[in-house]
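Try each task yourself, then follow the solution step by step.

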Amino acid sequence: MSPSLWLLPALPAAAGALLIAVRRAAPALSVATAALTLGLAGHAAATRPSATARLILGEGLAVDGLSAVMVVTVAAVGLAVLVFAAAEQRSGRFHGLMLIFLGAMLATVTATDLVLLLMGWEVMGAMSYALIGYRWRDRERVRSGAVAFVTTRAGDLGLYVACGAALAAGGGLALAGLPGLPPPWRDVVAGGIVLAALGKSAQGPFAFWLSRAMAGPSPVSAFLHAATMVVAGAYLLLRAHALLAATGWAAAVAAWTGALTALLLGLVALAQRDLKQLLAASTCAQVGFMVLAAGASAVSGGTAHLAAHAAVKSLLFLAAGAWLAALGTKDLAGLHGAARRFPLVGVAFGVGAAALAGLPPLSLWVTKDAVLGGVAQPGPRVVAFAAGLVAALYAGKALAVVWRPADAATGTGSERRATGRVAWPELLPLPVLALVAAGFGIVGLPALHGWWSRLVGDPGAPGLTAGELALSGVPALALVTAVIAARPGTAVIGVRPGTVAPSRVGGVFGRWLGLERAARAVVWRPLLRAARWAAWVDERVVHGAVEAVARAGLLAARLAGSPLESGLDGLVRRTGGAVRRLGGLARRPQTGQIHIYFAQAAVALVVLAVVFAIVR
């Protein structure tokens, strides 16, 4: 047991709380803290420590193969994002919230029980609200943060249900013991975990909150989408894959939800006009592959895809953030020529977009196929394969837009004031992330596949064949080439690489399938009506009854203060007066003269004799 493991989440959380209060030298302190955290994460990944403490039921942290990958991934992406943010975000509040976010995610991925996991889970939700609505003077940004928070909170209720069911079953809250719970409690726990994970990872009907999350600063988007909150749900399902498999139905729900989200949100990404919205929808789609892997118990492929996606997506979001600062826009029409004007950012973005498209030999090409290779069910596998082809289309679209020659619409500054330059801290993490995004797929190749599978606890994972890799790599390459070479007037699902103008079908996908509108109509408005009805009942019925009781009490008090009370007072006074007079009469014979007492005794004896004679 290693008590020092508690320092891994506690260091960034405590430093973040300090930065919020102190607010001095925030960028330097946050970067230094993130670097120390990465060192602790590397040490934990190498030594695999565990620690327990009796907070409620005997909670603990532990680092095994799966969480070892996660702690290093989370800490490394956190450091890269904070280095990038040092160029623009200098307030102690921003860096403090980011570090607390980092600590919460590290607690979540190392927790061995539902109690600590729920604590980290909740702190992440609170920090996401604060960071999405970071510019709190902008009412729309705050509203976006609230939408994201309320939506994820709706899913988070599942974790509370899971905790309650696990306690009711008497099996404890340890994650390792959940598959052994007796039915029906095991099914309730599995359902709660699936609901919470899908909500946190923006899967299925919950996907729209990730669009709202784009209101936050670019570093927040990079961290949120790449290595923290959005992948937390997928990680939880990968961790609980044995529980899903034990129920049967939960595994099928996860697999189909992941596959369908990967396809439909890929089409949503394809129809976007905004680069950050495109990347957000693509995050939902790529996390769908991880959720599919959890449902199919393909832990090796799912974990590899998670780690590779973290590098790819953080790279893409940071590049988009750099262009947003330099050109003042994230609109695709305004980014024509952006890659040519800032070549280092353009090359890094190109590597990330090519990996996102699944082009050989880059990372997601291998990891995506590792997921598909572990899926036995033909239905989800076919849907996910189609989603991989759609990924080539939306990634190719992004590449075509930013490398297209500049025109009159380039850098219009439609979002914010353009600086015209990219600061050096914004450039520092890009080459490193590009290198990982390009090469991480090596863990899925035959030379390292066995080692990687054993590391993440999935030693029986099937390896990839050259035919499987070619089956996805060749069509992806052809589709990206076709999109880049297409003339500006060519539209695919409403997407024209030059004008990005939507068609009728593209408009539906461009509005994120109307998921937010549907959620408002089906869930939010009925809840508001129910709340108003409950308020009416409380005001008119419950409150009215309370007031009626109060009025009855006041009426009784008034009646008591009327002649009834006066009569009672008079009776009491007369009784008291009579007793007082009797007392006065009783005192008169008490003269202190003995002959008077003898006379009184004689009279009393005579009276008693008369009474006795009469009675007889």
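## Exercise 1: A charged patch

Task: On this predicted model, which residues gather in a patch of positive charge on the surface?

Solution: The patch brings together R511, R517, R525, R529 and R532. Take R517 as one of them. This arginine sits in helix α24, which spans residues 515-560.

## Exercise 2: Aromatic pairs

Task: How many aromatic pairs does a search of the whole structure find, and how is the pair of F101 and F223 arranged?

Solution: Begin with the count: the search of the whole structure gives 6 aromatic pairs. Next, recall that two numbers describe such a pair, the distance of the ring centres and the angle of the planes. For F101 and F223, the centres are 5.9 Å apart and the planes make an angle of 70°. An angle over 60 degrees counts as edge-to-face, and that is the label for F101 and F223.

Now place the two rings along the chain. F101 belongs to helix α4 (residues 92-110) and F223 to helix α9 (residues 218-226), so their pairing ties together parts that are 122 residues apart in sequence. Both F101 and F223 are buried.

## Exercise 3: A tilted pair

Solution: Start from the geometry, with 5.6 Å centre to centre and 50° between the planes. Then look at the helices: Y129 lies in α5 (residues 114-132) and F149 in α6 (residues 139-169), so the pair links parts 20 residues apart in sequence. Finally, check the accessibility. Y129 is partly exposed at 36%, and F149 is also partly exposed, at 27%.

Before moving on, you can look for an aromatic cluster formed by F440, W451 and W452.

## Exercise 4: Two cis peptide bonds

Task: Where do the cis peptide bonds of P183 and P184 and of P360 and P361 lie?

Solution: Take the bond joining P183 and P184, with omega about 5°. P184 is in the loop between α6 and α7 (185-200). Then turn to the bond joining P360 and P361, where omega is about 0°. P361 is in the loop between α16 (343-356) and α17 (363-373).

## Exercise 5: Positive phi values

Task: What is the phi of R48 and of W512, and is each residue buried or partly exposed?

Solution: R48 has a phi near 55°, which is positive although the residue is not glycine. Its place is the loop between α2 (26-47) and β1 (50-53). With a relative accessible area of 37%, R48 is partly exposed.

W512 has a phi near 55°, again a positive value in a residue other than glycine. This tryptophan is in the loop between α23 (504-510) and α24. At 5% relative accessibility, W512 is buried.

## Exercise 6: Distance in sequence and in space

Task: How far apart are A254 and V291 in sequence and in space?

Solution: Along the sequence, A254 and V291 are 37 residues apart. In space, their C-alpha atoms are 6.0 Å apart. A254 lies in helix α12 (residues 249-270) and is buried, with a relative accessible area of 0%.

Definitions and conventions:
Residues numbered from 1 in each chain as written. Predicted model: local features only at pLDDT ≥ 70, side-chain atom pairs only at ≥ 80, totals over all residues. Heavy atoms only, no water. Phe/Tyr/Trp six-rings, centres within 6.5 Å; stacked < 30°, edge-to-face > 60°. Helix = DSSP H or I, 4+ residues; strand = E, 2+ residues; numbered from the N terminus. Buried < 20%, exposed > 50% of the residue type's maximum accessible area, 1.4 Å probe, protein only. Patch = residues over 30% accessible without salt bridge, like charges linked within 9 Å, V, L, I, M, F, W, Y side chains within 5 Å. Areas by Shrake-Rupley, 256 points an atom, 1.4 Å probe, with all protein chains shown as cover. Salt bridge = Lys/Arg side-chain N within 4 Å of Asp/Glu carboxyl O. Lys, Arg positive; Asp, Glu negative; His and termini not counted. Charge placed at Lys NZ, Arg CZ, Asp CG, Glu CD.
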